[in-house]
Protein chains: 2
Amino acid sequence: MPELRKDPIIKRWVIIATERARRPHDFINSKEKAETTFCPFDYGNEHTTPPEVMAFRPADTEKDSPGWWVRVVQNKFPALDPGAEPERFGHGMYDVIKGFGGHEVIVETPDHNATLATLSYQQVKEIIWAYKERFRSLEKDERIKYILIFKNHGREAGASLAHSHSQLIATPIVPKRVGEEIAGSIDYYSFRERCVYCDMVNQERLEGTRVVEENKDFIAFEPFAARFPFETWIVPKVHNHNFGEITAGEIDGFAFILKNTLLRIHKSLDNPPYNFMLHTGIRDGKDMTHYHWHLEIVPRLTRVAGFEWGSGFYINPMPPEHAAMYLREVKIDGEG
Amino acid sequence: MPELRKDPIIKRWVIIATERARRPHDFINSKEKAETTFCPFDYGNEHTTPPEVMAFRPADTEKDSPGWWVRVVQNKFPALDPGAEPERFGHGMYDVIKGFGGHEVIVETPDHNATLATLSYQQVKEIIWAYKERFRSLEKDERIKYILIFKNHGREAGASLAHSHSQLIATPIVPKRVGEEIAGSIDYYSFRERCVYCDMVNQERLEGTRVVEENKDFIAFEPFAARFPFETWIVPKVHNHNFGEITAGEIDGFAFILKNTLLRIHKSLDNPPYNFMLHTGIRDGKDMTHYHWHLEIVPRLTRVAGFEWGSGFYINPMPPEHAAMYLREVKIDGEG
C-alpha cells in the first residue's frame, strides 16, 4: 500500500509507492518509451479500464459501454488507495499516513485526437460539470482534506496517454503549495483586510498589460511574478474560496475562457506540453474563506527545472507583459 | 536589467529577465536544439568567456590562458547583475528588487569529456576548494543575502553546455525553499531543542536502510520522504550551518563521498541527468545557527513534474530504502 511520508524540515508530504518494486533499469530511458497504439479511453475499450465512477451518457446506454461524452474512472495505477484508512503513525522522528485517498481519471472526450484546446465550448462545459460533480461527491468524505484537479498535456508534461484526459487526486492532507497559498491569503487579509486574489484581479484589470482575456465572471492573466514563460492564471472575479460552489452561469464563463486561453497557447506555441492545476479551498467552516479558487496553467517550454525545483527560485526568461501581448494577439474567432 | 519580483501570496521571489525580448517561437522545440561543437570551456578558448574571476593554475601561466585545472568565470548570460544596486520598489500591490546579484560558472576540469563522477578525488577536492573560496569572497558583500551553489548535469537537467561545470548565484534575498528549511529547523529546535538534521543523521545511522555511504565527517542517505527516485542527501555529521566554515579535513571527506555518490548514481542509472544544490546558511549573527548545511542530489529520471511542481505534492515511485540498497550495491573500488 502507498505511504504518505512527511519531510520533518519543511513539512512537505510525499506519496511513496511502496507496493511496486522497481529496479534502477526501469528508470533508464523510461521517458523515451514509445507509446502503444492501443488506447483504453477509446470507444469499445471501456472494459480495459477500472469500472466507471460516473459518465455523461445517453440513458439508453450501459455503464462501461460506448456512447458517453465524458467518462470518469478510477486510475488504473492509483497513487492513493480509496480502500485504505488514513491511519497516522510515527517512524522514529518521521510521520507517516497510510496511503488513503482517491485517484480518478476524467476522460474528456471519446475523440482520441481531440485536445481540450480544440474541443467545442459545449464539451468543455460538460468536462467542468464532471469536475464539479466529482468534487462535490468526494468532499463529503470527512477523511479527505483536499481535492486536486489537474491536467498533464503532452509527454513532456507527464501525460502517459495521448487521449485527452485530466485527473483528480483526493488526499488526507492539504498539499504544501496550496497550504502556502491559503496561509498567504490569510496573512494578506489580516494585514489589508482584503483578499489578495481580489486585489490582483483589480490591479491586473487596471493595468491591462498582463491580461490575456476577460469575460463577465473570469479573467485570464500572466501573473506579475510568473515562474514560467506563458504561465497563465484564470481567476473568478467574484470572491469564492470553493470551486465546488461554481454556478451554472459561472461554468459557462469558465469553459469559455479556459478553452480560449488553451487555444491561444496552442496556436501561439504550436500545441506545447502543459500542466494545469485547479487550486481551491474545500468545505466551509474551516478558515479558507479568505482564499480564492483559481486555475494555474503552466506550459512546459524551458528545461531549467532542477535548480528551480530544488531551490524554489525561478528564472523566467519571458516577461509576463510580453507573453500576455503575444497571447492577446492570437486570432481565435469562430473557433469552437 | 533583470528584475526580482515577489509573488504576493506565497512570497516567492522570481527573476524576470526583462532585458532580452523573446518571441513565442524561441520556445518552440528550443530544447531540441543540437549542441554546438565549439566549447568555450576548453583550453585555448578562455578568451571566449567573460574574464576569469579566479582560477587554480600554475604561477607561470597567464590569467585567461590554458594551464588552469579549475576556472571560475562570470556567467556569459547572467541571471543577475553584479553592477546593479539591489534597490527595492513597489509596483502597485507588488514588490520588486532591481536585479542585483552574482552569477558565476565554475569550470570543473579542462577535460571536455570528464564528469564530476569520473574525475579523481583530488580534482573533486580542488573544485570544492573553489566553491569555498568564491563563497567566502562573496559572503563579505552585505548586500548579498544568499549564495546558492548548484550543478545541472545533462541537457534534461538544464545544462546548456556538456563540459562539466557548476554554477553559483548570489542573491539579494534568501530563496524560498532554503528559507523554509531555515524556518523549519528553527521550529524543530524550539520544539525539541535539537537540530533536525542532526536528528536525521542519528536516525539514518541507527536504521541504516536508507544509508548509501558514510565516512568520518559525512553521511550520504536517501531521505525518508524523498521526492524523487534516487534523491540523495549528503550531510556533515558535525553540526554547522555555514558551508563556508568547512575545514581542509572536511573537504577531503566531502570530496570523497560526493564523488562516490555521484559515481554510484552514474553506474547504477547509466549516467543520468541530475541536479545538485548546496544548501547553507550564510554569515554568523543571523539566526541560522540551528540550520545545518547539506547537499541535495536529484537525478532527473521521471517526467511527472508539472503536477508536483504546481502543487508541491510529490509522488515517488521508488521507495528510498530500495534506492539506497541499489546504490550501496554498486562496485566503486579502485576508482578515482
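In this predicted model, H1(B) makes a right-handed crossing as it passes H4(B). Here H1 covers residues 121-138 of chain B, while H4 covers residues 248-268 of chain B. Their axes sit 9 Å apart, and the packing angle is about 120°. That angle is why H1(B) and H4(B) are described as oblique to each other.

So who touches whom? On the H1(B) side, the contact is made by Tyr121(B), Val124(B), Lys125(B), Ile128(B), Trp129(B) and Lys132(B). Their partners in H4(B) include Ala248(B), Ile251(B), Phe254(B), Phe256(B) and Leu258(B), and also Asp252(B) and Lys259(B). Sort the residues of this contact by class and you get 10 nonpolar, 1 polar and 4 charged.

Two packed helices are described by the angle between their axes and the distance between the axes.

| Helix pair | Angle | Axis distance |
|---|---|---|
| H1(B) and H4(B) | about 120° | 9 Å |
| H2(A) and H3(A) | roughly 80° | within 8 Å |
| H4(A) and H6(A) | roughly 95° | within 9 Å |

Take H2(A), residues 176-192, and H3(A), residues 196-207. With an angle of roughly 80°, H2(A) is roughly perpendicular to H3(A). Glu181(A), Ser185(A) and Tyr188(A) come from H2(A), and they meet Val196(A), Tyr197(A) and Asp199(A) from H3(A). By class, that gives 3 nonpolar, 1 polar and 2 charged residues.

Next up are H4(A), residues 248-268, and H6(A), residues 320-329. H4(A) brings Arg264(A), Ile265(A) and Ser268(A) to the contact, and H6(A) brings Tyr326(A), Leu327(A) and Arg328(A).

Let's turn to how the chains meet. How many residues of chain A are in contact with chain B? There are 96 of them, touching 96 residues of chain B. Between them, chain A and chain B bury about 8800 Å², and 63% of that area is on carbon and sulfur atoms.

Charged side chains take part as well. Over all chains, the structure holds 58 salt bridges, and 6 salt bridges are found across the interface of chain A and chain B. In one salt bridge, Arg5(A) pairs with Glu321(B), with the closest N and O atoms 3.0 Å apart. In another, the side chains of Lys176(B) and Glu180(A) meet with an N to O distance of 2.8 Å. Lys176(B) lies in helix H2 of chain B and Glu180(A) in helix H2 of chain A, so this pair joins two chains.

Terms used: Residues numbered from 1 in each chain as written. Chains lettered and ligands numbered in written order. Predicted model: local features only at pLDDT ≥ 70, side-chain atom pairs only at ≥ 80, totals over all residues. Heavy atoms only, no water. Axes fitted to C-alpha atoms, helices over the stretch in contact; angles between N-to-C directions. Helix = DSSP H or I, 4+ residues; strand = E, 2+ residues; numbered from the N terminus. Parallel < 35°, antiparallel > 145°, perpendicular 65-115°, else oblique. Left-handed = near helix turned anticlockwise from the far one by under 90°. Contact = heavy atoms within 4.5 Å. Nonpolar A, V, L, I, M, F, W, Y, C, P; charged D, E, K, R; others polar. Buried area = accessible area lost by both parts, 1.4 Å probe. Salt bridge = Lys/Arg side-chain N within 4 Å of Asp/Glu carboxyl O.
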